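Please keep the sequence and the structure in view while reading.

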Amino acid sequence: MVKELIKLLHSGAQANQNDRYRRHNLIIMPNTGDLVTAGDIHGHRRNFERIIAYAALDKNPDRHLILQEIIHGGPQDEEGGCLSFDLLIDAVKLKVAYPDRVHCILANHDTAFINDSDVMKAGKEMNALMRAAMRRRFDSWTKNVESAIEQFLFSQPLAVRCLNRIWISHSLPSDRSIDKFDFSVFHRMLKVSDIVKPNAAYLLTWGRAHSRKTIDFFAKQLDVDFFVLGHQLQETGWMSNNANLIIIDSQHNHGHLLHIRLDSKYTIEKLIGSLVPIASIE
Ligand SMILES: [Mn+2]
């Protein structure tokens, strides 16, 4: 049973690395078909299931699905341990089932798990809570499962570039980190040091509260027009700067997803019009 799980996680890591749209740490989308992207999920199973139902990957062979920040939050065991690794396992199954159409991208809670560093959510340190629940579930196999999860998370690409000039990543470096950001991280192998403060993948996944100037800077550097990010909690499920940024959040009852075509041009208005409330999905 546990051996099967470890095998699955290894297959997931391989699928991340062998994704046919992957170029180093970027997923380059084709200019055909469409794409559904979720924001942070944080163990919210019901939203996860609705997002998958909406994407209907079986019936839509040209559709891609982007997932991010699946762990930390949601159901707990009897001792308050975090069971979100169960949802991660389901996401890995989906990646293995649709290896070139489901794309899981790296988020800061993933980097915190890989580094075993503290990460707070709603006043709780989530890593300790998840590892405690894993010890109760996996007993003497815990280290093996932890290591397989770490390998899966580390194998994720950093961002998705759409040829219609839309960029999707968990976040962007914050205003004061833009001078230090190493853009080469997108075009080479990821190193463990990249996800450690203050290096590139750390800055990319932890940055918050970006000014318009910072978003414009990255738009120019990365040669895109629009950013679709997660990471920052949005009570209404999304926000926009009404210019070149949308933040989506999929972790609560007001969660949203974004559904865009890959073959058409977008304006910010058209992007905002492509948001879907997850609660509206049957
Ligand atoms: Mn985050």
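In this predicted model, helix 2, spanning residues 45-55, lies across strand 3 (34-40), strand 4 (63-68), strand 13 and strand 14. Relative to strand 3, helix 2 runs at about 175 degrees.

The sheet to which these strands belong is open and consists of 5 strands in the order 5-4-3-13-14, with mixed pairing. At its edges stand strand 5 (102-105) and strand 14 (275-277). Each of these has a single partner strand, and therefore one side of each is left without a neighbour in the sheet. From one strand to the next, the twist averages 25 degrees.

Strand 13 (residues 256-261) and strand 14 run antiparallel and are joined by 3 bridges. Within this pair, histidine 256 stands opposite proline 277 in strand 14.

Attention now turns to a pair of helices. Two packed helices are described by the angle between their axes and the distance between the axes. For helix 4 (residues 108-115) and helix 6 (residues 142-154), the packing angle is about 140 degrees and the axes are 9 Å apart. Because of this angle, helix 4 is oblique to helix 6; angles over 145 degrees would count as roughly antiparallel. The crossing of helix 4 past helix 6 is left-handed.

Which residues make the contact? Helix 4 contributes Asp110, Phe113 and Ile114, while helix 6 contributes Ile149, Glu150, Leu153 and Phe154. Classified by residue type, the contact of helix 4 with helix 6 has 5 nonpolar and 2 charged residues, and no polar ones.

Conventions
Residues numbered from 1 in each chain as written. Predicted model: local features only at pLDDT ≥ 70, side-chain atom pairs only at ≥ 80, totals over all residues. Pairing = 2+ DSSP bridges. Helix = DSSP H or I, 4+ residues; strand = E, 2+ residues; numbered from the N terminus. Axes fitted to C-alpha atoms, helices over the stretch in contact; angles between N-to-C directions. Contact = placed C-beta atoms within 7 Å. Parallel < 35°, antiparallel > 145°, perpendicular 65-115°, else oblique. Left-handed = near helix turned anticlockwise from the far one by under 90°. Nonpolar A, V, L, I, M, F, W, Y, C, P; charged D, E, K, R; others polar.
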